[in-house]
Amino acid sequence: MSIGAGVEPAPEPDDAQEPWPRGISRQASMRISDVLAQLRGDFPSVSHSKLRFLEEQGLITPVRTPAGYRQYSPADVERLRFVLAEQRDSYLPLKVIKERLAAMDAGEPAPGPAPRLAADAGATTDAARRRWTVESVCDATSTPPEFVRALITAGLLRTSSGYLDAGAPEVVRLATRLAEHGIEPRHLRPLRSSADRHVGLVDQVVAPYRSQQAADGRAHAAGLAEELGDLVARLHAAWVREGTSSLG
């Protein structure tokens, strides 16, 4: 059928208008259980409720079947992988991650390596390389093992099944800078205790939601904990800055 006079043909799709990640299939054919199987190699704690909470926050938009079931595409999985990695590795609040995604959707380059397709079930992932040991933290921070072990002894770093906390490199770098001014690991114990009390305060708020049987309640608890944790940390930082501003 010929195009009538005065009617312009539809424009060709522009890759720049395609949301990030580009070049990855958007055919939604994966169930939520399939997505969790793809992600849990790198993010063992990811759950149904976590994915629903990220959807509620507008970070992903799975397709809904006529029966109401969610279906995801490989592009959705990579978007989720980016969100979870930014939370875990950079401690960014969801609002900031959402802004980054919006910028990437608009054409700005993505930070870090290019997105990779989700690994097949049973395939080797790089999760092990993201688990920190004393040796790997020392390599990443150029810090002597004796100093890292002193942080562990002081309770500033904690271990589980032989691995350190996910934020161990950042703690080591900051503690190293403080040590340059004579502030030793033993001096930092009250700061760790204060942080633990802050976590306990947040836990009191989210505990009623976490105890709910409904998945939506647990998802709300996870999101609320992240938001409150960020606010408490910022408030603490504001007080410290205010108190030290008059010391110069």
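# Helices, cores and buried residues in a predicted model

Reader: How do you know what span to expect for α3, and what does α3 reach?

Author: α3 has 17 residues and reaches 24 Å from its first C-alpha to its last, close to the 24 Å expected at 1.5 Å a residue. The expected span is 1.5 Å times one less than the number of residues. The model is a predicted one.

Reader: What makes α3 mostly covered?

Author: Of the 17 residues of α3, 14 are buried. Just after α3, Tyr91 has a positive phi of about 55 degrees.

Reader: Why is Arg79 called buried?

Author: Buried means under 20% relative accessible area. Arg79 has a relative accessible area of 13%, so Arg79 is buried. The residue lies in helix α3.

Reader: What is Arg79 in contact with, leaving aside its neighbours within four places in sequence?

Author: With those neighbours left aside, Arg79 is in contact with Pro19, Trp20, Leu59, Ile60, Leu101 and Asp105.

Reader: What makes the pair Arg79 and Asp105 a polar contact?

Author: A polar contact is a pair of N or O atoms within 3.5 Å, one able to donate a hydrogen and the other to accept it. The side chains of Arg79 and Asp105 are joined at 2.8 Å, so the pair falls within that cut-off.

Reader: Which residues touch the most other members of the largest nonpolar core?

Author: They are Val35, Leu39, Leu51 and Leu101, in a core of 26 residues. Helices α1 (32-39), α2 (48-56), α3 (74-90) and α4 (94-105) each supply at least two residues of this core. The most comes from α3, which gives six residues.

Reader: What is Leu101 in contact with, leaving aside its neighbours within four places in sequence?

Author: Leaving those aside, Leu101 is in contact with Trp20, Leu59, Arg79, Phe82 and Val83. There is also a second, separate core of 14 residues, which includes Phe147, Leu151, Leu164 and Ala175.

Reader: Which residues of helix α6 are buried?

Author: In α6 (residues 145-153), the buried residues are Phe147, Val148 and Leu151. They cover an arc of only 100 degrees around the axis, and therefore lie on the same side of α6.

Reader: What does the face of α6 turned away from its buried side carry?

Author: That face carries the exposed residues Glu146 and Thr153. Exposed means over 50% relative accessible area.

Reader: What covers the buried residues of α6?

Author: The cover includes α5 (134-141), β4 (163-164) and α7 (168-179). Just after α6, Gly155 takes a positive phi of about 85 degrees.

Reader: How do you know whether Thr143 is buried or exposed?

Author: Thr143 has 8% relative accessibility, and the cut-off for buried is under 20%, so Thr143 counts as buried. Its place is in the loop between α5 and α6.

Reader: What is Thr143 in contact with, leaving aside its neighbours within four places in sequence?

Author: Apart from those neighbours, Thr143 is in contact with Cys138, Val148, Val172 and Thr176. Thr143 and Thr176 are 33 residues apart in sequence, and their C-alpha atoms are 8.0 Å apart in space.

Reader: What makes the pair Thr143 and Thr141 a polar contact?

Author: The side chains of Thr143 and Thr141 are joined at 2.8 Å, and the cut-off is within 3.5 Å, so the pair counts as a polar contact.

Reader: Why is Ala140 called partly exposed?

Author: Partly exposed lies between the cut-offs of under 20% for buried and over 50% for exposed. The relative accessible area of Ala140 is 36%, so Ala140 is partly exposed. Ala140 is found in helix α5.

Reader: What is Ala140 in contact with, leaving aside its neighbours within four places in sequence?

Author: Those neighbours aside, Ala140 is in contact with Trp132 and Arg173. The C-alpha atoms of Ala140 and Val172, 32 residues apart along the chain, are separated by 9.9 Å.

Reader: Where does Ala166 lie, and what is Ala166 in contact with, leaving aside its neighbours within four places in sequence?

Author: Ala166 is in the loop between β4 and α7. With those neighbours left aside, Ala166 is in contact with Tyr91 and Trp132. Between the C-alpha atoms of Ala166 and Arg131, 35 residues apart along the chain, the separation is 7.0 Å.

Reader: How many helices and strands has the protein chain, and how much of the protein chain counts as buried?

Author: The protein chain has nine helices and four strands. Of its 248 residues, 31% count as buried.

Terms used
Residues are numbered from 1 along each chain as its sequence is written. This is a predicted model: local features need pLDDT of at least 70, side-chain atom pairs count only at pLDDT 80 or more; totals for chains, interfaces and linings use all residues. Side-chain values use heavy atoms; hydrogens and water are left out. Buried means under 20% relative accessible area, exposed over 50%, partly exposed in between (1.4 Å probe, protein chains only). The arc is that of the directions from the helix axis to the C-beta atoms. Contact means heavy atoms within 4.5 Å. A nonpolar core is a set of buried Ala, Val, Leu, Ile, Met, Phe, Trp, Tyr and Cys residues joined through side-chain atoms within 4.5 Å.
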